[in-house]
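Please keep the structure open while reading.

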Amino acid sequence: MKLDLPNTFLAKQKKLPIKREVQNPEIQESRNFQRKPACSKPMAGSESKGLPMIDMQDFPGQLAKLIEACEEWGCFRIVNFQNFVPQSLMQDMKGVIRSLLDLPIEIKRRNVDVIAGSGYMAPSKINPLYEALGLYDMASAQDVDAFCTQLDAAPHQRQTILRYARAVNELMMDIGHKIGEGLGLKGVPFKGWPCQFRINKYTFTNESVGSSGVQLHTDSSFLTVLQDDEIIGGLEVMRKSGTFFAIDPCPETLLVNLGDIAAVWSNGRFYNVKHRVLCREAGIRLSIASFLLGPKEGMVETPAELVDSEHPPLYIPFTYEEFRKLRVSKKLHTGEVLELLRVQS
Ligand SMILES: O=C(O)CCC(=O)C(=O)O
Ligand SMILES: [Fe+2]
């Protein structure tokens, strides 16, 4: 398969592997400089090598751009969201997740599943470089509390996780409403939708360069807010054409992905973007994913305004829970499960 990688990305691959044990501070500094990510100062409204960049303070001005990003890319970066999630909170959270993921395995194993795949995932045969901790609903203070207790989180860690969960949840509601507004809908009911939370660690070494960090998948969610690693890249999204596009680190921004539920909710208008993580360089890669899943009870429904004789309903009604069970039991992790839920013509 041809990889659609930007030139700077390819150039980056030619660099010597980074050795962690360098002691000379001058050498270390020059390495740090070399490793400075391409997108270190995102300009509001600017594009990051083609990936749409949405300025959250420029609405309704960016509504059309937002909808186009949902349709054509299934993902976009956002800037100027500090009224919801301040940079200091993102940094504090990064420190907290680093120490949680460094806990001994016996403690991490206490983080059990509430729904399939919501708890601790140890490195496995399929994804040996990857492990994750998580919780089912970050919108529930009780769930967040239980997660913190499982991991013996210190009071300041607990506070940071609670603040982050609340802040990202509100940001997701805001993005959801902007998407609704962009489609001409009023008062889309995202409130009360569970919001799964997952912190990911990739242990990349010089030996693992070129191998898979996380396999190709779509997210099962409506939308995902991802705080990706600000230094170590490796995330790639698949464009509709089937070519891959590298999502390089871009500090102080967040990435938004649309998942399977967005494709159904929009009656096939939005693209549930396939993505994967590859090991491109040595280092520990950390990311924080928050998934706005779907309605807790009731059906995943396309708003009536998006259905008419020219756009007949594409999917049968189903609940998020049924969908998730089907996806897990059939092991269909790249969106094919939606084919089983199509209205038969
Ligand atoms: O770590 C990343 O950048 C991506 C993680 C991801 O795709 C996921 O958690 O679903
Ligand atoms: Fe994902």
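Contact here means heavy atoms within 4.5 Å. Helices (H or I, at least four residues) and strands (E, at least two) are DSSP runs, numbered from the N terminus. This is a predicted model, in which local features need pLDDT of at least 70 and side-chain atom pairs count only at pLDDT 80 or more. Residues are numbered from 1 along each chain as its sequence is written.

**Helix pair H4 and H7**
- Leu 89, Met 90, Asp 92, Met 93, Val 96, Ser 99 and Leu 100 in H4 meet Gln 157, Thr 160, Ile 161, Arg 163, Tyr 164 and Ala 167 in H7.
- By class, this contact of H4 with H7 has 8 nonpolar, 3 polar and 2 charged residues. Ala, Val, Leu, Ile, Met, Phe, Trp, Tyr, Cys and Pro count as nonpolar, Asp, Glu, Lys and Arg as charged, and the others, Gly among them, as polar.
- H4 and H7 (residues 155-182) pack at about 125°, with axes 9 Å apart. Axes are lines fitted to C-alpha atoms, for helices over the stretch in contact, and angles run from 0 to 180 degrees between N-to-C directions.

**Cis peptide**
- Phe 59 and Pro 60 are joined by a cis peptide bond, with omega about 10°.
- Pro 60 sits in the loop between strand E1 (53-55) and helix H3 (63-72).

- Asn 80 has a positive phi of about 60°. Its loop runs between strand E2 (75-79) and helix H4 (87-101).
- Asn 267 has a positive phi near 55°. Its loop links helix H8 (260-265) and strand E10 (275-278).

Terms used
Chains lettered and ligands numbered in written order. Heavy atoms only, no water.
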